[in-house]
Amino acid sequence: MTDKKNQKTPKEVTKLSEWQRRNQEYQKKKQLEEQEEKEKKAQEEKERQELLNQKTPSEDLDAEEQDTETADENEKEADLPEEEVQETLPEETEEDAEEEKIIYLTEPSEAMLEEEELAKKAKKEGQIARRHIYRAIPILAISTLIALFSAYLLTPLAKQKIIEFSGNKNADQTLLFEKSQIQDRDYTLTTFLNRDRYLANMKAASPWVKDISMNYTFPTTFKVQVEEYQVFGYYVTEEDHYPILENGEVVETPVATGQLPKAYLAVRFSDRELVRQFVKQLEKIPSSVRNQIEAVDLTPSKVTKDLVTLTMKDRTKVLVPVSQIKRKLPYYNQIRKLIEEDSVIDMEAGIYSYNAETMATLAQEKKEKEEGEGNKTEEADANSTDSEESAVVTEQHEEIPAE
C-alpha cells in the first residue's frame with residue numbers, strides 16, 4: 001500500500017478518452033464527498049471531545065480507544081479508492097488506448113477550488129445586485145411617472161379645459177375669454193403655468209375689472225373670480241348716460257335709461273383727466289357731504305379753470321375748484337346751517353355765501369361786463385384794421401409817382 005502511494009503520477013496528458021473523463025469526474029465528485037464527510041466527522045469528534053472533557057478519566061480512556069478505532073477505519077476507507085483507482089485504470093486504458101497517459105488525482109484539483117471560489121463570488125454578487133435594486137427603485141419610480149405623464153399628454157384629456165366665471169355683473173365674460181388668448185389647443189398644464197399672462201389680458205380687456213384671479217380644480221376646471229369697480233356716477237350727455245367708475249375711468253358703453261338707479265351723481269363735463277381728479281378729490285371727503293351731491297357742472301372763470309358748480313339735493317349750489325374740494329368742501333354742513341334755502345356757497349376764493357337773487361344780479365353784471373369788454377375789443381380791432389388799411393393806401397399812393 002505504501003508503494004502505491006509512493007508511485008509518481010505523470011504530469012502531462014496528451015489525450016483522454018470519454019471513459020477517462022467520466023472517471024475523473026467521478027473521482028472529483030467522490031473526493032468532494034469524502035472531504036465533506038471528513039469535515040463532518042471532525043466536527044463530531046470535536047463535540048465528542050468536549051463531552052469527554054466533562055467525564056471521568058476512565059471514561060476518557062474508553063473514548064480515546066473508540067476514537068482511535070474510528071480514525072483507523074476512516075483511513076482505511078480513504079485509502080481504498082486510491083488502490084481501486086490504481087488497479088482498475090490500467091485495465092481500462094489498455095483496452096481503449098495504450099499510448100495515452102492518465103492523471104491519477106490524489107489531492108483536490110485547481111478546478112474544484114475555482115468552482116468553490118466562483119460559488120462564493122456568485123453569492124456575493126447576488127447580495128450586491130439586491131443592493132443595487134434598492135438603489136434603483138427611485139430611478140425606476142421617476143421613469144415610470146415620466147412615462148405616465150407622457151402618455152397623458154398624448155390623450156385628448158390633456159387639452160380639455162372648463163373656464164368658469166363668477167363675480168362679473170357688468171364685465172362680459174365672453175369678451176374676457178376672447179381677450180385672454182386661451183386657445184383650445186393649449187394643454188391644461190400650460191394654461192395653469194401661464195395663468196398670470198391670461199389674467200393680465202382679461203384685466204386689460206374691460207375697465208370694469210378691478211381684480212381677477214384664477215384657481216385650478218382637478219382635473220380640467222379653471223375658476224375665474226372677478227372683482228369689479230363700483231359705479232361712482234354717470235357722465236350725462238343730452239341722450240346717454242356713461243358710467244363713471246370709482247377709479248375715475250369713464251366706460252364707453254352707455255347705460256339704458258331703464259337700468260339707471262333712482263339716485264345717482266350726474267357729471268356734465270367730458271374732460272377725462274378732470275373727471276379723474278374730481279373723483280379722486282371727492283373720495284377724501286366725508287360720505288355725509290358726498291351723498292348730498294346731485295349734479296356737477298364745469299363753470300370755469302378767468303382765474304380758475306377747474307371751477308365746478310355742485311348742485312346739492314336741497315338745491316343749494318356750491319362753487320369750488322376741483323383742486324380744493326378735499327380742503328374746502330368738508331365745511332359744507334357747518335355753512336349750510338347758517339344760510340337760507342336756494343343759496344350759493346362760493347369757495348373759489350375764501351368761503352362766503354349769498355342768496356339766489358344776489359347770484360342772479362352778479363351773473364347779470366358779469367354778463368354785461370363781458371359784453372362791454374367784448375365791444376371794446378371789437379372797436380379796438382376795427383380801429384387797428386382801419387389804420388392798417390390807410391397805411392397800405394398811403395404806401396400805394398407814394399409808390400405811384402415813382403413809376
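Mentor: Welcome! In this model, β2 and strand β3 (residues 221–228) run antiparallel and are joined by eight bridges. The model is predicted, so local features need pLDDT of at least 70, side-chain atom pairs count only at pLDDT 80 or more, and totals for chains, interfaces and linings use all residues. Residues are numbered from 1 along each chain as its sequence is written, and side-chain values use heavy atoms, leaving out hydrogens and water.

Trainee: What makes β2 and β3 a pair?

Mentor: Two strands pair if DSSP finds at least two bridges between them. Eight bridges join β2 to β3, so they pair. Within this pairing, S213 stands opposite Q225 in β3.

Trainee: Why are β1 and β2 called edge strands?

Mentor: The open sheet has three strands in the order β1-β3-β2, with mixed pairing. Both β1 (162–166) and β2 (209–217) pair on one side only. A strand here is a DSSP run of E with at least two residues; a helix is a run of H or I with at least four, and both are numbered from the N terminus.

Trainee: Which helices lie across this sheet's strands?

Mentor: Helix α5 (residues 173–180) lies across β1, β2 and β3, at about 130° to β1. Helix α7 (residues 195–205) lies across β1, β2 and β3 too, at about 145° to β2. Such angles run from 0 to 180 degrees between N-to-C directions, with axes fitted to C-alpha atoms, for helices over the stretch in contact (heavy atoms within 4.5 Å).

Trainee: How many helices and strands does the chain have?

Mentor: Twelve helices and eleven strands.
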